Amino acid sequence: MTKITINGREVEADPKRPLIAACHEHAEELVPMYCYHPGLTPVGSCRICQVEVKMGEMPPRVVVACRTPVSEGMVVNTEAPGAHDARRQCLEFLLKNHPLDCPICDKAGECDLQDYSFSEGQGEGRSVEPRRKLEKRKSLGDTILLDQERCILCSRCVRFYEDVAKQPQLTVAGLGSRSVISTFADRPLHGNYQGNIADICPVGALTLKKFRFQARVWNLDKHPSTCGECSRGCSISIEVLRRREVKRVRPRYDKDKNKWWMCDHGRFAFDRFNADDRLVGGFLRGAQGLEPKSLERVFDDLAENLRRKGEHVLLVSPWLTVEEGELVRDLAQATGATTRFVSPAADTDLRDDFLHTGDPCPNRRGLTELGFEAVEAADVSTMLAGATCVVLVGESVGELVTPEALAALPRSIRLFLLDTRAYAAPALRGALGVPDASERTGTWINVDGHPGRLAIAKAAPDGVPPLERSLRAVQERLDAGAEVRA
Amino acid sequence: MVIVKRKELSLMERLFLPEIVRALSHSFRAIFQPKITRQYPEEGLPTNEVTRGQPRLTLLEDNETLACVSCGLCEVACPAYAITIDGQETDRFIEREPERFEIDMLRCILCGFCEEACPKDAIFMSDELELADFTRAALVYDIDKLKRPKAALQKRIDYFYKVNDRWRKSSSTS
């Protein structure tokens, strides 16, 4: 650790990180940054992070904090008049060609340029020349749209592909005021990490096509959660519009798992949270097929069926949380049932050595530690062949087992489905809606053993009880029955 | 405890008849004075450009497209949460337009914050003040009910600019 002085206070700074990191950590006043990103190599192209540094007997100098290494005895003043003026002039030049798009820009509200311009308070430009005209709707592949006028050429996106994704695709092409971000020969971007460049863009130049004009960011409620698309379990923030609709999923900094990044596969998988075809309420088979019944009746019937003698199987989804898994385990111990979790085939083409593990079970490790054994989705039918009562528990378990396999199960099996969606199957005796991953709390353990918390981002549809409550209700009925018999 | 002493009535007042005559003379004189009662449903309310009536959306010169770009600033400025906006993409030069723009007139308190917040001169307080319907749902106005040609709001727009200029000149920050 190196001892330096920032704004009159002696602090310990990490010599491996640039001066701006120490300023962000210790100074009360925020040193602005556009080109610097803690996860990328600093280049010092935007010059907005200038601070005044005094070394020894030398007169103080204004330097860019992101390209200055920390050294012993530095005296840093982030708010010195010289440094502040230099920053202000940089800002004015950046705004010279920046279009007044804030009312239609998707970044407005979380835009670094907007925030710092606002805090500087210079509302009107002094330039009389017209702003440069460049292409405003340039498509960079299926995910990203580039607005060249808004770009301030910080080159964060270029460095992301070089440093993090390790597959350089973008570059700064052209000279002077005609410099633009571009791919080689206008080829579309490829790879599974394109969405990140829209996150790290400090202005609204790179935007997600899927989020384009979907919502104003200040209207989104942000809920910390965990991605369930692979066993990495990246920390994410689920952003919900008007408490109903998930509009976007963004990575949340987590030093153990995903740092600042996440893959497009997980980022754009949120449509499952907005699905309309949810299984709501309880159903039991009556004279006219499945009939809606009260939740109590479904719990009674499920407990009754589990209490009978026979071969019972509790087949759970790999999306089940540890807490729910414990309840299922207790249920299995009370009834002597076999428990397995469905393990779908791995997405080998998505697997890479950065984030995506290719294993679509977000809680494989947590469930394995609880004593659940995996069963391949393809082998489920053979495994269930001799069973008398089968309970499928958890979000998207029916989808993973496949609807065809469910429909093909013989009528001798009494099948109960606790899922987010309904499936038609002749063996189906009862069904009950469960909340999805954006509607419940719990813990998943990722492939490296790090826990990831789920948080309630939006309310479950009316008539969908929390899965933990449903499992407890069945357990209580089983316990009560056991007492009566004893 | 307060004891109120009543005023002693004079002889003329105790006689009553002169007082009745005096009162009637007031009534008779009022018959010939100009009438100040407004016959409301038949006769409209007096409005001018200062009237802050219900907010309305302006159309551009072509009288078809809305000036609104659905930036959501009125939505966020609205203290009564009366405005709901969803945006969508268009092919025009300004790439964004409202897909849904609803003002719940039952919530609207006619404060005019939306007018002040709007960066695109797209929403102004009209001189329309009357609001009645048979259902609550009918009073949630959508784009079709809100849009007005710019000419219909021109007086208010001119007044708005006049007041803004005066305010800007008087403030010392410029």
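**Figure 1. The open sheet S2-S3-S5 of chain B.** In this predicted model, three strands of chain B form an open sheet in the order S2-S3-S5, and their pairing is antiparallel. Strands here, like helices, are DSSP runs numbered from the N terminus, with at least two residues (E) for a strand and at least four (H or I) for a helix, and two strands are taken to pair if DSSP finds at least two bridges between them. Strand S2 (83–89) and strand S5 (140–141) of chain B stand at the edges with a single partner strand each, so one side of each has no neighbour in the sheet. Between S2(B) and strand S3 (residues 96–104) of chain B there are seven bridges in the antiparallel sense, and Thr84(B) has Glu102(B) in S3(B) as its bridge partner. Strands of a sheet pair through backbone hydrogen bonds, either parallel or antiparallel.

The model is predicted, so local features need pLDDT of at least 70 and side-chain atom pairs count only at pLDDT 80 or more, whereas totals for chains, interfaces and linings use all residues. Residues are numbered from 1 along each chain as its sequence is written, while chains are lettered from A and ligands numbered from 1 in the order in which they are written.

**Figure 2. The open sheet S4-S1-S6 of chain B.** Another set of three strands in chain B, in the order S4-S1-S6, forms an open sheet whose pairing is mixed. Strand S4 (123–125) and strand S6 (147–148) of chain B are at the edges, each with a single partner strand, and therefore one side of each is left without a neighbour in the sheet. Strand S1 (residues 55–58) of chain B pairs with S6(B) in the parallel sense over two bridges, and Leu57(B) stands opposite Lys147(B) in S6(B).

Figure 3. Chain B has six helices and six strands, which run from the N terminus in the order α-α-β-α-β-β-α-β-β-α-β-α. Its radius of gyration, taken over C-alpha atoms, is 26 Å, well over the 16 Å that the globule rule (2.2 Å times the number of residues to the power 0.38) gives for 174 residues, so chain B is more spread out than a compact globule. Of these 174 residues, 22% count as buried, where buried requires 20 or more other C-beta atoms within 10 Å of a residue's own, exposed means 12 or fewer, partly exposed lies in between, and C-beta atoms are placed from the backbone. Helix H2 (residues 17–31) of chain B is hardly covered, since the count of buried residues among its 15 residues is zero.

**Figure 4. The side of chain A that touches chain B.** Seven residues of chain A are in contact with twelve residues of chain B, a contact being a pair of residues whose C-beta atoms, placed from the backbone, lie within 7 Å. On the side of chain A, the touching residues divide into four nonpolar, one polar and two charged, where Ala, Val, Leu, Ile, Met, Phe, Trp, Tyr, Cys and Pro count as nonpolar, Asp, Glu, Lys and Arg as charged, and the others, Gly among them, as polar.

**Figure 5. Nonpolar cores of chain A.** The largest nonpolar core has 69 residues, and those with the most contacts inside it are Ile20(A), Cys23(A), Cys49(A), Ala65(A) and Ile144(A). Such a core is a set of buried Ala, Val, Leu, Ile, Met, Phe, Trp, Tyr and Cys residues joined through C-beta atoms within 7 Å. Helix H4 (residues 156–164) of chain A gives the most to this core, with five residues. A second, separate core of 57 residues includes Val298(A), Leu392(A), Tyr423(A) and Val474(A).

**Figure 6. Strand S14 of chain A and its partners.** Strand S14 (residues 282–286) and strand S15 (residues 289–293) of chain A run antiparallel and are joined by five bridges, with a hairpin of two residues leading from S14(A) to S15(A). S14(A) is also joined by three bridges to strand S21 (residues 428–433) of chain A, again antiparallel. Leu284(A) stands opposite Glu291(A) in S15(A) and has Gly430(A) as its bridge partner in S21(A).

**Figure 7. The surroundings of Val322(A).** Val322(A) lies in helix H8 (residues 322–335) of chain A and counts as partly exposed because it has 17 C-beta neighbours inside 10 Å. Leaving out residues up to four places away in sequence, Val322(A) touches Asn363(A), Gly366(A), Leu370(A), Gly442(A), Thr443(A) and Ile445(A). Trp444(A) is 122 residues from Val322(A) in sequence, yet their C-alpha atoms are 6.2 Å apart in space.

How values were computed. Contact = placed C-beta atoms within 7 Å.
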